[in-house]
Amino acid sequence: MRSHGTGLAGGDITSAVLAIGRSDFPNVLIDTLRRQAGVGHCMVFALSRTGAAHCLLDAGNIPIGGDLGAAYAGQFHESDPNRDALFEAESGAPIMLPSFAPRMYGARYRKIFFHDSDIVDKCATAIWVEDTCFYVNFYRIAAQRRFADAERARLQAIAPVIGASVARHFQQAAAPTPDQNLAALFATRAPLSALTPREQEVCRRILLGFSSEAISQSLGISLHSTVTYRKRAYERLAISSQNELFSIVLGLLAGPRRLN
């Protein structure tokens, strides 16, 4: 059996991936980050090579998060110690920023963004898509204490997919359904594109949480046919379980060509 994996258990962050383009994406994202790594707050900024900055997302347990986002986008992005690392990165490649240390930041920056807001720890990832950098920040406040080593390692593991999901979400002008997102992936990306149309329909519904009976009813086919299409699809993909199917999808979303 070939291995198609990102090291993530199926369904761990799939809810955030499938929420791309939906109005509830911020809530689904922060709920996913809380479950997976104890993140208290998430903020996303869009930085351009021309010098502009915008706060795209502010979700979590920091009451003045909106004010911090506006302050950062207004002027403090220029004094962010991560700025050089962000702007030296290549387009399309996931970036994991250095571990947080208060001494990295100037006194005024520390006061506003850490002391006044009660933030005690931070991790960050980013990805460039053409001329826009999607800068994703994960915070913990004093009541939570700093990230444990296991939580930090977990964030590093899921960061590429989280960054790709955030970028994809904010690139989309419309709000397609989860099945539309999956349909586009199945239609264009190997090995999923090698499946027959009916095999793709069955696999997409598996990823959306349909039972075999629900798939049969949705497609107007017998339960026996549903099981047969699933078996054939798994054989083509050289997998044997739903978790491995999830891993293929997450691996494609995290791959270097995911945003083309």
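Predicted model: local features only at pLDDT ≥ 70, side-chain atom pairs only at ≥ 80, totals over all residues.
Residues are numbered from 1 along each chain as its sequence is written, and side-chain values use heavy atoms, with hydrogens and water left out.

*Sheet.* I noted that helices (H or I, at least four residues) and strands (E, at least two) are DSSP runs, numbered from the N terminus. I traced 5 strands in an open sheet, in the order 2-1-5-4-3, with antiparallel pairing; two strands pair if DSSP finds at least two bridges between them. Strand 2 (53-60) and strand 3 (95-96) are at the edges with a single partner strand each, so one side of each has no neighbour in the sheet.

I then went through the pairs. Strand 3 and strand 4 are joined in the antiparallel sense over 2 bridges. Strand 4 (residues 119-129) and strand 5 (residues 132-141) pair in the antiparallel sense over 10 bridges. Here A124 has N137 of strand 5 as its bridge partner, and D121 stands opposite R140 in strand 5. The hairpin of these strands has 2 residues between them, and E130 takes a positive phi near 60° there.

I checked how enclosed strand 4 is. Of its 11 residues, 10 are buried (under 20% relative accessible area; exposed is over 50%, partly exposed in between, with a 1.4 Å probe and protein chains only), so strand 4 is largely enclosed by the rest of the structure.

*Helix 5.* Which residues of helix 5 (residues 107-115) are buried? I found Y109, F113 and F114.

*Cores.* A nonpolar core is a set of buried Ala, Val, Leu, Ile, Met, Phe, Trp, Tyr and Cys residues joined through side-chain atoms within 4.5 Å. The largest has 50 residues, and F138 and L155 are among those with the most contacts inside it. Helix 11 (residues 242-254) gives the most to this core, with 8 residues. I also listed a second, separate core of 26 residues, including Y109 and W128.
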